[in-house]
Every structure is written in C-alpha cells, then in structure tokens.
Amino acid sequence: MPMPYQIDAARALEIKTDQLSIINQFSSSLLQLDTLDELFEYVTTQVVNRLGFVDCVIYLADRDTDTLNQVASMGIAHARDKYQAERKIIRFSEGITGAVASTGKAVIIDDVSKDCRYIADNRPAQSELCVPLIYKEKVLGVIDCEHPIKNYFTNAHLEILTTVAHLLSAKINQVNTVTSLKHTVRQLNDAQKLESSLLQIANLTYKASDLDTFFETLHSIINSLLPADNFFIALYDKQVDILDLVYIVEEGIQTHAHKKISKEQLKDTASYYLLKSDRVLLLNQDDYLQHIEQGDFKLVGRLSDSWLGVPFKANNRMSGVIVVQSYDNKLHYNEHDSDLLTYVSRQISMAIDRQLARQELEHKALHDELTGLANRSLLIERIKHAILRLSRGKKGTSHALLYLDFDRFKSINDSLGHEVGDHFLIKICELIKGTVRSTDTFARLGGDEFAIFMENITHRNQVNEALKRINTVLSKPLNVDSHLLQASTSIGIAFSESTDDKAYLLLQQADAAMYEAKSSGRGQVKFFNNTMRKKLKTHADIENDLQHGIEHNEFELYFQPIFTIANSDVVGFEALVRWHHPKKGFVPPNEFIPIAETTGQIINLDLHLLELAAQHIANWHKQGHRFLKVTVNVSSRHFASLDFVAQIHALYNKYQLPLGSLCLEITESGLIANLDLATQIIEGLSPLKVKLCLDDFGTGYSALGYLHQLPIHILKIDKSFIDHLNKTNNPLVEAILSLAQSLNFEVVAEGIETQEQLSILQSTQCNYGQGFLKSKPVNAQQAITLINKPL
C-alpha cells in the first residue's frame with residue numbers, strides 16, 4: 001500500500017528543481033545580507049516557507065548558559081502573525097531541539113507522540129525535523145521544523161534543510177566575525193581615544209598655569225568621552241565651611257561667575273552629602289528621590305534623570321566634588337563613566353594641590369614667614385608699579401614710604417629671648433595692620449625694620465593722620481608672654497612724585513630718614529630732606545669707590561701697640577685701616593666701614609687687609625725682629641662660610657707666617673647668626689694657633705652667649721669703662737676681670753689715656769692694654785721702632 005502523500009517521478013523532479021532554485025537564490029542573497037536579523041527573517045520567510053515547511057523556529061546556542069534562544073519563527077500562512085512558540089528558551093538537556101544541539105546530529109521524528117523528549121507548544125505537531133547549525137564542528141544553533149501530519153518529513157526534506165543549515169551556519173559565522181571585528185575596532189578606537197584623552201588630562205595637570213584654564217580644558221576633554229553638558233566642579237574649604245562652584249556648565253553653556261554656597265544652604269546639597277560620604281554616587285532618578293526621602297539632601301534646582309558625582313581631596317584643608325547630570329531619560333551614566341570620572345577627580349586633586357602648593361610657595365617667596373606681611377621683594381614690586389601709575393594719576397598725587405624701626409627691640413630680644421621678641425613683633429604688627437588703609441602695603445624688611453607704602457597720597461595730611469594712628473595704637477604697654485612691654489618706633493618718610501623715581505632709591509631715602517629719626521631719640525619721625533640726600537650721595541660715592549680703592553692699594557694699615565700692663569712691653573699690634581682716597585683725601589673708617597658692611601663689600605676689604613697684615617708680619621720676621629702678634633678686625637660675615645678657614649690657611653702658607661702671629665678680632669655688636677658654624681670655623685683655625693679676640697666687651701647684649709658658645713681667647717674691655725677709672729677701680733671692670741679669670745681668658749684694656757688709669761689697672765688682674773698714653777696708631781715703619789723697647 002503506498003505511503004500517504006507519495007508523488008510521481010515527474011512531480012518529484014519538479015519539486016527538486018524548485019528547491020535547487022530556492023537554494024541557489026538563497027546562496028546569492030546571502031551576499032547582500034549583513035545582519036543576523038535580516039538573515040533569519042529571510043531564511044524563515046523566503047527559504048523555509050517556500051520549501052513547503054509550514055512551521056519553523058530558528059534557535060541560536062548560548063554556550064555560557066547551555067541554552068537555545070529563539071531568534072526567528074514561521075507558522076502556517078493564515079496564522080503566521082499570531083504564531084508564537086511556547087518556549088523561547090530551551091536548555092540543551094530539554095526536548096528534541098536540546099538533544100540535537102547537544103549531539104550535533106539531525107533527527108526526523110515520524111510520530112512525536114512516541115518520543116518522550118517532545119515539548120509541545122501552542123500548536124502541537126505530529127512529526128518533527130530538527131537540523132543543527134554547525135560551523136567547523138561547533139554547534140551554533142538549530143533549525144526546528146514541525147508538521148501537523150505524522151510521517152511527513154522525508155530524507156529529501158532532511159537533505160534540503162541540511163543544505164540550508166550549512167549555508168546559514170557559514171553566513172552566521174561570517175556575520176558574527178564581521179560584527180566581532182567591528183566591535184573590536186570600535187573598542188580599539190574607544191580605547192585609543194580614551195588613552196589619548198587620559199594622556200591629555202595628565203599633561204594638562206602638570207602644565208596648566210591657572211585653575212580656570214585647567215577646568216575649561218578638562219571639561220572639553222571629558223565632554224568627548226561622556227555627555228557632560230551639565231557639569232560642575234566645586235571646592236570645599238573646611239576652614240570657612242563654604243562650597244565654591246569654581247566651574248559650571250549648564251546645557252553646554254559655561255557660567256563664568258563663581259557660585260558660593262553658604263553654610264546655611266550647604267548642608268542641604270547633594271554635593272555636601274557626597275563630600276561627607278566620601279564615595280562615588282551613581283544615581284538614577286529613583287535613587288535620587290530616595291535619598292531626598294531619607295533626608296540625605298534636598299532638591300536644589302530641577303530633578304535630573306541621571307546624576308554622577310565623585311569626591312576628591314586636594315589637601316588637609318581643601319576637598320571637592322566633580323558632578324555630571326543628565327536631564328534626558330534616554331541618557332544614563334554607567335560604571336564606566338564612574339571609573340572615568342574617578343580618574344579625572346584624581347587629576348583635579350593633583351592639579352589643585354600643585355596650584356595651592358605653588359600659591360603657597362609664591363606667597364612664601366613674597367611674604368615674611370613670622371608676621372605674614374609682604375617682604376622686601378613684594379614691597380619693591382608694588383612701589384615700581386605704583387610709580388609707573390603716577391603718569392595716569394591726578395596732578396599732585398604722590399606715594400609715601402614710611403620706614404619703621406622698633407626701638408629697643410634688640411634689648412628685648414637679648415634679655416627676654418627670641419621667642420618673646422617674635423611675639424612682641426607679631427603683636428605690634430597686628431596693631432599697626434589695623435591702622436593702614438586697604439590700599440597700603442605693610443611689609444617687613446628684616447629684623448625689626450618695617451615699611452608702610454601709602455599709594456595715591458593727595459595731601460600730606462594723610463601721612464600725618466597715619467602717624468597719629470600708629471602712635472595711638474602703640475601708646476599703651478603690651479602684655480607679651482606675661483611681660484609688660486612698651487612699644488615705640490622711629491619712622492623715616494620719603495615721597496615719590498615722579499615716574500622717574502626708582503623704588504630702591506625711595507627705600508634708601510626712607511631708610512636714611514629713619515636713621516636720622518633714631519639718632520634723635522625714641523619715637524621720633526623724620527622726613528627725607530636735601531641734607532640727607534647729600535649724605536646718601538656721599539655714601540653712594542664711597543660704595544662705588546671701595547672696590548677701586550682695594551684694586552689700587554689705596555688702603556694702608558696702621559698699628560697700635562698692645563703692651564703688658566705690668567711693664568709696658570710690646571706684645572703685639574692691633575691693625576687699623578686708613579683710606580687715602582685720591583680725591584677726598586683721608587676717609588675715616590667710621591665713614592666707609594658701615595657702608596662696606598651694609599653692601600657686603602666688607603668681605604673683600606677684610607681679605608685685602610688680612611693680606612696686607614700678613615705681608616708686614618712676613619717682612620718683620622725676615623728682618624729678624626722678634627715674634628709679635630697682629631690682630632685684624634674682621635666682619636662677622638666671615639663666620640658664615642667654611643671658605644674663611646681655607647683663606648686664612650692660604651695666607652699662612654703663602655707668607656710662611658709663624659703660628660699664632662695673625663689673629664682675628666670681632667666686635668660684640670657684630671652678631672654671629674650661626675654660632676655652630678662659627679665654632680667650626682674657629683676650631684678649623686686652631687692648628688694655626690689663631691686666637692679670637694672679642695672687642696668692645698660689655699657694650700652689647702650678647703656677650704655671655706658668645707663666651708659660653710664660642711671658643712674665644714681674649715676679651716677687650718671697652719674704652720667707655722676705662723674712662724671711668726678715676727682714683728678707684730670701676731666695679732664693672734672688676735666684674736669683667738673676675739669673669740675672664742674664671743674662664744681663663746686674657747684681657748686687654750682699650751683706651752688707656754692717663755697714667756692714673758694705668759696705675760689702677762696695674763693693681764688688677766688685667767694682662768694687657770692699649771691706648772694713647774703709650775702710643776697712637778702708627779704706620780708700619782714707625783711700628784718697627786716700638787718692637788724692641790718698652791713703651
């Protein structure tokens with residue numbers, strides 16, 4: 001009995017030819033199809049349907065979950081729109097389709113009711129044909145066809161569907177490969193773009209000169225990586241408890257004005273919550289509303305659809321937030337955006353930290369560390385700019401510079417200590433700062449010297465009013481560290497009225513006026529005048545001529561004998577400098593030594609005089625005269641560098657001087673800043689037996705500090721004490737001699753001018769003396785005649 005639906009050979013040939021035509025057309029069409037959706041639509045509607053299959057579902061395999069996922073389906077024509085396979089997802093362990101996916105082998109089921117694996121859907125079938133989609137032995141999915149009649153599918157059906165599956169598998173692999181390649185290229189492009197952007201941000205962090213430029217450029221880079229049309233950066237200064245929105249972009253438009261959120265508003269903002277939580281917040285609209293309901297913050301402005309904020313910390317004082325917002329319900333930020341913004345926040349942190357550090361360094365470079373006032377450099381810059389502005393000012397406008405020196409500060413420093421002295425200065429500065437105008441510059445020039453630069457003075461009465469205010473605030477005693485101290489200041493004033501004026505000259509003029517005020521007594525004020533101008537001119541001329549004098553041997557040493565108090569035997573000389581100026585004639589030391597000290601020329605002058613002394617010692621030694629010491633006065637500046645040790649050693653070697661023949665003398669008033677270094681220098685000279693003599697002992701306030709900390713060998717009692725030796729000894733002289741004896745110091749009494757003074761000293765423990773009673777300073781030739789006989 002013939003099988004149902006058998007057809008004759010002619011009809012079979014016709015069907016076969018039609019199928020081959022469909023397959024050929026399918027093969028050709030595959031070249032035009034670029035996406036899987038187009039491919040599956042074409043297979044189900046244009047291929048399988050035309051092959052006469054009334055029900056077909058295509059599944060793709062997911063190897064990660066071992067499931068088959070429906071991607072296309074086709075039912076009978078009159079019910080196609082309503083047809084839905086009941087199972088969209090089938091495990092590999094389920095049903096006939098799962099078995100085919102697991103084994104990779106096609107099956108024909110003549111009667112599905114007899115197969116326990118069959119899973120019925122909305123329209124149960126009677127027979128089933130299931131073919132795997134395989135490419136290079138890898139199962140990509142299955143094509144599952146069902147029919148409402150038993151024994152419907154034949155080997156011919158299996159052959160044609162296998163051909164379709166083979167072509168479809170190859171195309172699926174091709175599309176997947178192209179898609180994967182496109183995705184890889186896109187990823188590479190994105191990664192390259194991200195890498196380039198991150199590199200731009202890193203470079204920007206180190207090159208940006210100011211924060212405004214940094215934020216603007218940073219935003220443009222961020223906007224190329226993620227949507228940032230609504231973006232802001234805010235800085236929080238915990239000292240003032242204010243949030244400053246330093247960069248704001250709203251709807252792609254930058255708002256240049258900073259917005260400051262006050263303490264009252266701050267606690268209600270999401271930004272403040274972000275700072276407190278110190279963690280990244282990625283919020284959708286529901287998350288944002290939930291935080292509001294919980295009372296974490298309030299809604300400020302309009303509600304965003306997506307909100308991403310990242311906190312950062314610049315330093316112990318400054319922290320901040322960077323926030324992007326989306327008001328488009330199709331645009332939501334993700335974890336990738338969060339990671340990117342976190343990286344950006346670190347760069348902002350570094351940039352702000354560097355900027356703040358730079359500002360701090362710039363502030364330190366231009367301000368005094370103790371008082372916080374402007375320093376000399378900043379003062380001079382402001383004077384320069386102010387002088388230039390005189391050309392644009394009203395006629396009669398001038399600037400005034402007040403040069404202040406606090407009276408008796410040195411005695412406070414020495415008697416009560418540097419800490420009390422510092423606190424004293426700070427308190428005075430706070431008082432004076434309250435008297436100056438906002439446009440004035442109050443500066444510390446060094447030590448106890450300060451300046452107030454008053455710009456745009458229209459009447460000199462303004463200066464007088466300022467002086468009154470200063471005197472008023474300093475009139476009452478100050479309680480400093482439980483010490484009641486009275487402040488007063490000597491003030492010199494100079495004016496600038498022309499654009500031809502120079503800042504450094506104005507400073508010199510005010511300084512000169514201050515010294516005149518100081519010499520007149522405490523709390524005095526002097527205005528710069530022509531007499532002072534002439535004096536400054538003389539100083540300037542001396543400064544210019546000093547180096548010329550050294551180079552042209554205009555300086556000569558005179559020698560005053562140092563003799564024994566007991567029998568007036570000469571034991572050495574103090575070398576004293578004389579300047580024979582080619583135009584001015586004799587210039588006294590008190591006229592050029594202070595200038596040389598101030599300008600630093602004293603270093604070269606001292607070295608020149610030390611060499612002259614070494615030459616004289618060497619000559620006397622060659623002539624066979626007995627050993628004598630020559631003491632040369634030197635500036636305390638030499639005790640700030642170990643080079644001085646090498647320089648003295650070089651002199652001893654060059655002139656073959658007897659050990660201990662060239663000695664050094666410093667004045668008590670010439671303070672040595674670094675006593676440890678000075679001690680190293682003196683100890684470095686000990687192999688040469690160089691002795692250090694402390695001149696003018698008893699006139700300063702640092703003597704005891706020197707005695708305890710420096711390896712001093714000789715004390716010189718100042719002439720002012722010797723002047724008071726009349727008939728009886730001076731108690732202060734006795735005290736100095738007693739102190740010297742206990743410390744094993746030699747003592748030289750200076751300025752012995754009467755026999756009475758010498759006689760009194762002969763009854764004491766004083767070792768040596770010098771003074772006009774025995775000899776005035778004499779030149780080198782005359783000094784030779786004094787060597788071999790008592791004075």
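Visitor: Which strand does Thr-489 lie in?
Guide: Thr-489 belongs to strand β19, which covers residues 489-496. Please keep in mind that this is a predicted model.

Visitor: Is Thr-489 buried or exposed?
Guide: Thr-489 is buried, at a relative accessible area of 4%.

Visitor: Let's change topic. How many residues of β1 are buried?
Guide: Five of the seven residues in β1 (residues 56-62) are buried, so the strand is mostly covered by the under 20% cut-off on relative accessible area.

Visitor: Which strands do bridges join to β1?
Guide: Strand β6 (residues 138-147) is joined to β1 by five bridges, and the two run antiparallel. Strand β2 (residues 67-74) is also antiparallel to β1, with seven bridges between them.

Visitor: Which residues stand opposite each other there?
Guide: Towards β6, Val-57 stands opposite Asp-144. Towards β2, Asp-62 stands opposite Thr-67. The hairpin of β1 and β2 has four residues between the strands, and Asp-66 there takes a positive phi near 50°.

Visitor: Where else is there a positive phi in a residue other than glycine?
Guide: Asp-241 has a phi near 55°, and Asp-278 also has a positive phi near 55°. As background, most residues other than glycine have a negative phi.

Visitor: Where do I find Asp-241, and is it buried or exposed?
Guide: Asp-241 is in the loop between β7 (231-237) and β8 (242-250). Asp-241 counts as buried because its relative accessible area is 19% and the cut-off is under 20%.

Visitor: And Asp-278, buried or exposed?
Guide: Asp-278 counts as exposed, at 57% relative accessibility. Asp-278 lies in the loop between α7 (270-277) and β11 (281-284).

Visitor: What happens at the two ends of α8?
Guide: At the start of α8 (residues 285-293), a side-chain oxygen of Asn-284 comes to within 3.1 Å of the backbone nitrogen of Asp-286. Just after α8, Gly-295 has a positive phi of about 80°.

Visitor: On to α16: which residues are buried there?
Guide: In α16 (residues 589-599), the buried residues include Phe-592, Ile-595 and Ala-596. They span an arc of only 100° around the axis, which means they are on the same side of α16.

Visitor: What does the face turned away from that side carry?
Guide: That face of α16 carries Asn-590 and Thr-598, which are exposed.

Visitor: What covers the buried residues of α16?
Guide: The cover includes the helices α15 (530-551) and α17, together with the strands β21 (555-564), β22 (570-581) and β23 (585-587). Just after α16, Gly-600 takes a positive phi of about 90°.

Visitor: Now the largest nonpolar core. Which residues touch the most other members?
Guide: Those are Phe-639 and Leu-664, in a core of 78 residues. Helix α17 (residues 602-622) gives the largest share of this core, ten residues. Apart from it lies another core of 31 residues, among them Val-48, Leu-140, Ala-165 and Leu-168.

Visitor: One more: what about Leu-366 in α9?
Guide: Leu-366 lies in α9, which covers residues 335-366, and counts as partly exposed at 31% relative accessibility. Not counting residues up to four places away in sequence, Leu-366 touches Leu-373, Ala-374, Asn-375, Ser-377 and Leu-378.

Visitor: And how far apart are the C-alpha atoms of Leu-366 and Leu-275?
Guide: Those C-alpha atoms are separated by 34 Å, with the two residues 91 apart along the chain.

Methods: Residues are numbered from 1 along each chain as its sequence is written. This is a predicted model: local features need pLDDT of at least 70, side-chain atom pairs count only at pLDDT 80 or more; totals for chains, interfaces and linings use all residues. Side-chain values use heavy atoms; hydrogens and water are left out. A nonpolar core is a set of buried Ala, Val, Leu, Ile, Met, Phe, Trp, Tyr and Cys residues joined through side-chain atoms within 4.5 Å. Buried means under 20% relative accessible area, exposed over 50%, partly exposed in between (1.4 Å probe, protein chains only). Two strands pair if DSSP finds at least two bridges between them. The arc is that of the directions from the helix axis to the C-beta atoms. Contact means heavy atoms within 4.5 Å. A polar contact is a pair of N or O atoms within 3.5 Å; within protein, one must be able to donate a hydrogen and the other to accept it, and residues adjacent in sequence count only if both atoms are side-chain atoms.
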